[in-house]
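Subject: Structure for you to look at

Hi,

Here is the structure I promised to pass on. Have a look when you get a moment, and my notes follow below.

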Amino acid sequence: MNELKLNNKRTILVGLAFLSICSFWQMYDNLVPLILRKTFHMDESLTGVIMAADNILALFLLPLFGSLSDRCRETRVGRRTPFILGGTGAAVVLMNLLPVLDNSYSAEAAPFKLVSFVIVLGLLLIAMGTYRSPAVALMPDVTPKPLRSKANAIINLMGAVGGVLYLGVTAVLYPSAKTQGLDHVNYQPLFIIVSLIMLAAVAVMLLTIREPRLSTANRALEQKHPEWNLAEDDGSGGEVLPRPVKRSLLFLLASIALWYTGYNGVTTWFSTYVSEVMGEGIGGTATCLMVATVGAIVSYIPIGIAASRVGRKKTIMAGVVLLAACFLAGYVMTAHSSAITPMMYAAFALVGLAWAAINVNSLPMVVEMCRGSDVGKFTGYYYTASMAAQVITPVLAGTLMKHISYQVLFPYAAFFVGLSFVTMCFVRHGDSKAEVKKGLDAFEDMDD
């Protein structure tokens, strides 16, 4: 009798697409606010509006392309892979135009250069939006439901590695001693390196993952275990969520929106916050964020194992409490220090642990509530909730910082993360189930 077990090597290779995405977004969140503020001299509110644009687009693009990839005819490389390849290629071309325009405007300001920067930025965000849901949906496509928290831990670990690669390169290329006092910093080498990371990651995934064979084998396995499905077929190929499951889904999506409101407020504004409050450059910010990312990396696998034992919901709620506490501690520490201290590094390591506990388990809870044929659509629901929050929070946090004080950032984040604890109390479905240990011969065929 075979025990259901996760193919770790395959999951790591699937996670390369997410590594590519996270490397980009770490750079985007870190650099674009600085470019808008320092090069184009935009105030906090306008910068927040532009930083919210990716999330506004994502509200429409992620569910759309998630559903499109669900309905896409199986190609030679699968349903999700064509979106990943096309989106990555377009993004790599567009992202390398940004530092060219940034450098050119700094040398000689002209309105058409600003307009060109905004247009290229918009096209880049569209390109990224076309393949994020398909890339994330690839993991549930090839992973049985009971194993998705463990698999998502590995996927998030790969995303964190992408973030660390960016942060490490940034810390080496742009230490505070090198950038302090400069009127303008040339970020073109950083954009080139990140684009090469993205291309290499997706190329390795394409060469090693046979999406059609793996997804077909996983669907065959899940058909043998209808007890894994919370959704009910309506007889026409669609699905109907029972009312209690739908209620849980709505509260879970509300929780996702709330903790992203708090967390993304910090990630969006942290580089500017550190620059304004502490006088640190991009290198100091990158080091602090890298500590948080390493904290997450160390935590992802243990968190996935813990969730399979104590449940996803309990793990998430513990992470929410820890994250809110860390943000409150961040306020206390930054209010009494003009520089990043070892205690701040410790707090951000715990932020990484807390975010791992939340992030590893939230997407699996959402897709647990659907049938396999709708994974892309429910992945889109997850991202709609998270992106809706991220539409609001850059503008709201930026406006509060402008009109009250920069030091409002951490209490703001702690407040919204704390609210997510309340909404999670009403989530009753989507938790991990005990692994079934019979009739799993089909799964063994997927372990190549």
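For the helix pairs, axes are lines fitted to C-alpha atoms over the stretch in contact, with angles from 0 to 180 degrees between N-to-C directions. Please keep in mind that this is a predicted model.

First, the overall picture. The chain has 448 residues, and 58% of them are buried. Its secondary structure consists of 18 helices and two strands. Among contacts with a separation of 6 or more, 86% are between residues 24 or more positions apart.

Now the helix pairs. Helix α14 (residues 312-335) and helix α15 (residues 342-367) have axes that come within 8 Å and cross at roughly 150 degrees. Angles over 145 degrees count as roughly antiparallel, and α14 and α15 are therefore roughly antiparallel to each other. Their crossing is left-handed. Sorted by type, the residues of the contact between α14 and α15 are 19 nonpolar, five polar and two charged.

The other pair is α5 (residues 98-107) with α6 (residues 111-129), where the axes come within 10 Å and the crossing angle is roughly 165 degrees. That angle makes α5 roughly antiparallel to α6, and this crossing is left-handed. On the α5 side, the contact is made by Leu 98, Leu 101, Asp 102, Ser 104 and Tyr 105. From α6 come Lys 113, Leu 114, Ser 116, Phe 117, Val 120, Leu 121 and Leu 124. By type, eight of the residues in the α5 and α6 contact are nonpolar, two are polar and two are charged.

I also looked at helix α17. The buried residues of α17 are Leu 409, Phe 410, Tyr 412, Ala 413, Ala 414, Phe 416, Val 417, Ser 420, Thr 423 and Met 424.

Thr 423 has a relative accessible area of 14% and counts as buried, because the cut-off is under 20%. Which residues does Thr 423 touch, leaving aside its neighbours within four places in sequence? The contacts of Thr 423 are with Phe 251, Ala 254, Ser 255 and Leu 258.

Happy to talk any of this through.

Best wishes

Technical notes. Residues numbered from 1 in each chain as written. Predicted model: local features only at pLDDT ≥ 70, side-chain atom pairs only at ≥ 80, totals over all residues. Heavy atoms only, no water. Buried < 20%, exposed > 50% of the residue type's maximum accessible area, 1.4 Å probe, protein only. Helix = DSSP H or I, 4+ residues; strand = E, 2+ residues; numbered from the N terminus. Parallel < 35°, antiparallel > 145°, perpendicular 65-115°, else oblique. Left-handed = near helix turned anticlockwise from the far one by under 90°. Contact = heavy atoms within 4.5 Å. Nonpolar A, V, L, I, M, F, W, Y, C, P; charged D, E, K, R; others polar.
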